[in-house]
Amino acid sequence: MKKNRLFKKLFISNIIIVAITLAVVSIMFYIMFQNYYFAEKEKIMLEEAQEINAILNEFAVGDINLDKWNQELNVVTRLINATVWIVDKEGLVYSQSQQGKPWMKITLSKADIQNILKGESIVKKGYFGGAFTSPVLTVGVPLVIKGHIEGAIFMHASLEEMNRTVLNIFLLMLLSGGMAFVVSFILISYTSNRISEPLKKMSLAAREIAKGNFSARVDHFEEDEIGDLARSFNVMARELAQLEDMRKEFVANVSHELRSPITSIQGYIDGILDGTIPKEKTYDYLKVVQEEVRRMSRLINDLLEMTKLESGEFPLNRTEFDINELIRICIIKFEKRIVEKDLTVKVDFEEDRRFVFADRDKIEQVLTNLIDNAIKFSKPKGIIHLFTEVKGDKVFITVKDNGIGISPEDLEHIWERFYKADKSRGKDGAGLGLYIVKKIIEAHKEEIWAESELKKGTSFTFTLPIKKV
């Protein structure tokens, strides 16, 4: 029952709307047609009364005889389906059509003809003073002979017959409305199903996605709002699938990165405790354990940093500082490693001091990561070159090495989480450094890019807004 709720709502609401519309239209049509029919009947009766007056004038001057007069009168009577009286000034009915009971020699009251004798026409509905047993529509006009009012012409049409005619037409209209309702029933059923079916499919697909089946899709390609919704739903499903793949990959990568140091730590500690490792070697292995713990700490810090970056909880404390001085400080932090690897560090600045407007701590994190990578992947006795230059309102900061380089295939992915261009250096990091670097630069609404060539080295360049004096 629940599966067709939308279909039922659409179907029932549309059917009710159609039924109410047909009912209102039918009532309005009946009233309007009745009024129109009665008005037209009055108009025709008035016109035919004038025609009878003209025929009487011909009879009065002898142009037609009595038989011809009666024949003409009966033709008009049958045409308009009414009883016709010819009344003199005293109210005496001296001629009538053949319809209805005989009224010849009957005298009407003065009240019935007094307005007509004044030259006025009358239209009444009712029993005409009790003269009829059923209601009639009465039209009365002056009888004018040779320019003088000599009496009145009355025409009486049965209201029951007129109402019966209107009702018959109304019934035909109801029959047509009923047929239209049946057609509407079929069309509404079809259109309601066309609207509800894709939405029902989306509901089922959403349930599948909620269960973890991210391959669920909706097949609806109509060029309408529902088609747009279906396409948006499919886009959402694809993105959710990608997010799920990323989540699985993230969990797998984190598990791998944590499992390696934990395994090493556990092995060394077990060896120390069970005596496998000699006591004189304990200090050396504890140093290894210490390094592994520090590596885990760095990984956890990177993960926390990444979480902040992706959640948007990453406020920047922008200040004005000397980027050249910050570069010198970062190089000094790596002095021991630089000396151990016998590297040459070249620093070129256009000016001794260059102030920028950014978050100093975050930019220090960027520089630290880039210099660390340059040292890590440089060959012994290699060269690391750092320089800054001004272009427009930006400062371009570059960290360049002549190390092993990055292949074009790997260069496209170096900004991704957990990606390692050099897979053989498994313990050199979790592959989060460059990802965090890019996020920091993007948070500043600046740019960073890399250029590299295998066996010739790599350069990283990022921009910062220059301090305006």
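Mentor: Let us start with a definition: two strands pair if DSSP finds at least two bridges between them. Please also keep in mind that this is a predicted model.

Trainee: Then which strand pairs with E10 in the antiparallel sense over eight bridges?

Mentor: Strand E12, residues 457-465, pairs with E10 in that way. Within this pairing, Thr398 has Thr461 of E12 as its bridge partner.

Trainee: And how many bridges join E9 to E10?

Mentor: Eight bridges join them, and strand E9 (residues 383-391) runs antiparallel to E10. Here Leu386 has Val399 in E10 as its bridge partner. E9 and E10 form a hairpin with two residues between the strands, and Gly392 in that hairpin takes a positive phi near 65°.

Trainee: How many residues of E10 are buried?

Mentor: Six of the eight residues of E10, residues 394-401, are buried, and the strand is mostly covered.

Trainee: A change of topic: where is the place of Ser158?

Mentor: Ser158 belongs to strand E5, which covers residues 148-158.

Trainee: Is Ser158 buried or exposed?

Mentor: Ser158 is buried, because its relative accessible area of 18% falls under the 20% cut-off. Beyond its neighbours within four places in sequence, Ser158 is in contact with Pro135 and Val136.

Trainee: What does a side-chain oxygen of Ser158 reach at the start of H4?

Mentor: That oxygen comes within 3.4 Å of the backbone nitrogen of Glu160. A polar atom of the Ser158 side chain also lies 3.4 Å from the backbone nitrogen of Glu161.

Trainee: How many residues are in helix H4, and what should they span?

Mentor: Helix H4 has 52 residues, 159-210, so at 1.5 Å a residue it should span 76 Å. Its end C-alpha atoms are 71 Å apart, which agrees. H4 is followed by Gly212, which has a positive phi near 105°.

Trainee: Which residues does the "transmembrane region" annotation cover?

Mentor: According to the unreviewed UniProt entry, that annotation covers residues 12-33, 127-145 and 166-190. In the model, residues 12-33 are 100% helix and 0% strand, with end C-alpha atoms 31 Å apart. Residues 127-145, in contrast, are 0% helix and 53% strand, and their end C-alpha atoms lie 29 Å apart.

Trainee: Finally, what is the mean pLDDT of the protein?

Mentor: The mean is 83, and 91% of the residues reach 70 or more.

Trainee: Over which residues does pLDDT stay under 50?

Mentor: Residues 423-427 do so, and the model has eight contacts for them beyond four places in sequence. Where pLDDT is low, the predicted coordinates should not be read in detail.

Conventions: Residues numbered from 1 in each chain as written. Predicted model: local features only at pLDDT ≥ 70, side-chain atom pairs only at ≥ 80, totals over all residues. Heavy atoms only, no water. Helix = DSSP H or I, 4+ residues; strand = E, 2+ residues; numbered from the N terminus. Buried < 20%, exposed > 50% of the residue type's maximum accessible area, 1.4 Å probe, protein only. Polar contact = N/O pair within 3.5 Å; in protein donor to acceptor, adjacent residues only side chain to side chain. Contact = heavy atoms within 4.5 Å. UniProt positions renumbered as here; feature names shortened; annotations may be inferred. pLDDT = per-residue confidence, 0-100. Expected span 1.5 Å × (residues − 1).
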